[in-house]
Every structure is written in structure tokens, then in C-alpha cells.
Amino acid sequence: KVLADFLSVIYLLNLVLKPRNEIIHKHVGTHMKKELLIILFLTINLCFAQTSTEQIELSDSALELTKQDVIYDPSYFSIDYPNGDVPSGKGVCTDVVIRAYRKIGIDLQKEVHIDMKSDFSSYPKIWGLKTTDKNIDHRRVPNLMTFFKRKGAEKNISQSGEDYLAGDIVCWNLGGAITHIGIVVYKKSKDGKRNLIVHNIGGGQVLEDCLFDYRIIGHYRYGI
């Protein structure tokens, strides 16, 4: 969405800043150029305003989850579809992300299922499944990583706290084949150098300063 708006801005900017362009000479007078500049300014501000608002909404949704008592439970549950969820007092790291996104109107259960069904072969074969499973597919970190990447949400992995914005999704390797996922929020670490993380690594849905505590293997900005 933001990319499309940005391309529209570039197009308008191209019209305004090429006075020798034949189209402008014939059809765009001084008054029209002023109007285009106003549109350009408003569009740029709208793009950044929408992105900022959605980032804060996802961050707030994640922080809201820390008020709930949740025990870490990796059990398999049969859940509704769409908008299915495991019992409210239970969950794992992926459920933090799923629940936060659902609060802003994005159902990762549905989105992941649709994408996996359309191209199952592109997803990891770690669990030996031969078809999709609406109950568990979206609750697995490697599947979410694949989904976010396929949707063009992948961002640069770095050791600079400034690169990880509120609303970003971060995935880590905890050792061996153990993966983990959490949400970056707008609250800062005590030294002010990085944003904090809402995640569930075993102690419930909590807020912690742990961005660089583990090896980062994925960084995404999806739906914002």
C-alpha cells in the first residue's frame, strides 16, 4: 500500500519537476503546477501518517496483550476458522503475533492458510505434512517467516537498534532448530538505544529488552 502511494508521488513529482516536458507545456499551467505540488505534499504526509498510525496500533495491541495472564502451552488445538484462537489463557510466541495482528483487523490464520494453499511447496517441510492445517500452520515460526517474505515484508537484519521500528516483527534462533518470534513496540530500553519486545518465550506474554539477546534470523514489517 505504501509502495503504491509512493509511486504515485514519484509520478506527480515527475510531472511537476520537468518544465520542458511537452505535456506540461501544453496542458499544465502555473496554477496546475501549484495544485500538483499541494497534492504531492498531502500525499506524502498521508503515506507517513497512515504508516505511523498503523505501527502504533500494532504496538499498542501487543502491549495490551501483556496485561493478560497466559501460560506457555505448545499443545495442538483444534480451533475455528477464520479468526480462530487457542484458549485465551494459553499460547506460544506465535500467538502473541497472531493476537496482536487480529486486534488491528488482520487474521494471520486466514492469510497464511490462503497463501499456503496456493503454493504449499514454497513452505517448509519440517513437519512432514502433505497438505495445509488451519489449526497449526500459522502458529509455526518458519511458516510465518515464509509468509512475510512472500508478501514482500522482509527488512534488513542489522545490529542497530534504530532499524527496528515499533510494529516490526523479529524472529530469532535460540539454538539448534529452535526459533522464536516477537513484536517490536515503541517503548524504549533503559539506555534508549533500542525498542522493547513483546513476546512469549515461556513466561507468558511479556515486555522485555531482548532484541539482541538472541541471533536474529528474520525482520519483517507486514501490513503497516
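Is D209 buried, partly exposed or exposed? I started my notebook with that one, and D209 turns out to be partly exposed, with a relative accessible area of 34%. I will come back to its partner further down.

**Entry 1: getting my bearings**

The protein averages a pLDDT of 87, and 77% of the residues score at least 70. Residues 19-25 have a pLDDT below 50, and in the model this stretch has eight contacts beyond near neighbours in sequence. I found another such stretch at residues 46-50, where pLDDT stays under 50 and the model has three contacts beyond four places in sequence. I made a reminder for myself: where pLDDT is low, the predicted coordinates should not be read in detail.

**Entry 2: the overall layout**

How many helices and strands does the protein have? I count six helices and seven strands. I then followed the chain along the sequence and wrote down the pattern α-α-α-β-β-α-α-α-β-β-β-β-β. Of the 224 residues in the protein, 44% are buried. I also looked up how contacts span the sequence: among those between residues at least 6 apart, 59% join residues at least 24 apart. For the surface, I noted that the protein exposes about 12300 Å², with carbon and sulfur atoms supplying 55% of it.

**Entry 3: helix 4 and what follows**

Helix 4 covers residues 93-103, and I found it mostly covered, with 10 of its 11 residues buried. I listed some of the buried ones, including C93, V96, V97, I98 and Y101. After helix 4 comes G105, whose phi is positive, near 90 degrees.

Which residue does R102 meet in a salt bridge? Its partner is D107, and the N to O distance is 2.6 Å. D107 counts as buried because its relative accessible area is 8%, under the 20% cut-off.

**Entry 4: a loop asparagine**

Next I looked up N135, which is found in the loop between helix 5 (108-118) and helix 6 (141-150). Why does N135 count as buried? Its relative accessibility is 16%, and buried means under 20%. Leaving out residues up to four places away in sequence, I see N135 touching Y76, F77, S78 and I79.

**Entry 5: strand 3 and its two partners**

Strand 3 runs over residues 169-175 and is mostly covered, five of its seven residues being buried. Which way does strand 3 pair with strand 4, parallel or antiparallel? I found an antiparallel pairing over six bridges, with strand 4 spanning residues 178-188. C171 stands opposite I181 in strand 4. The two strands form a hairpin with two residues between them, and G176 in the turn has a positive phi of about 65 degrees.

Strand 3 has another pairing, with strand 7 (residues 215-220): the two run antiparallel and five bridges join them. Here I picked out W172, which stands opposite I216 in strand 7.

How many salt bridges does the structure hold? The number I wrote down is 11. With D191 it forms a salt bridge whose closest N and O atoms are 3.2 Å apart. The side chains of R194 and D209 also meet in a salt bridge, at 2.8 Å from N to O. R194 lies in the loop between strand 4 and strand 5 (195-199), and D209 in the loop between strand 6 (206-208) and strand 7, so the pair ties together parts that are 15 residues apart in sequence.

R194 is buried, with a relative accessible area of 17%, whereas D191 is partly exposed at 43%. D209, from my opening question, is partly exposed at 34%.

Conventions. Residues numbered from 1 in each chain as written. Predicted model: local features only at pLDDT ≥ 70, side-chain atom pairs only at ≥ 80, totals over all residues. Heavy atoms only, no water. Helix = DSSP H or I, 4+ residues; strand = E, 2+ residues; numbered from the N terminus. Buried < 20%, exposed > 50% of the residue type's maximum accessible area, 1.4 Å probe, protein only. Contact = heavy atoms within 4.5 Å. Areas by Shrake-Rupley, 256 points an atom, 1.4 Å probe, with all protein chains shown as cover. pLDDT = per-residue confidence, 0-100. Pairing = 2+ DSSP bridges. Salt bridge = Lys/Arg side-chain N within 4 Å of Asp/Glu carboxyl O.
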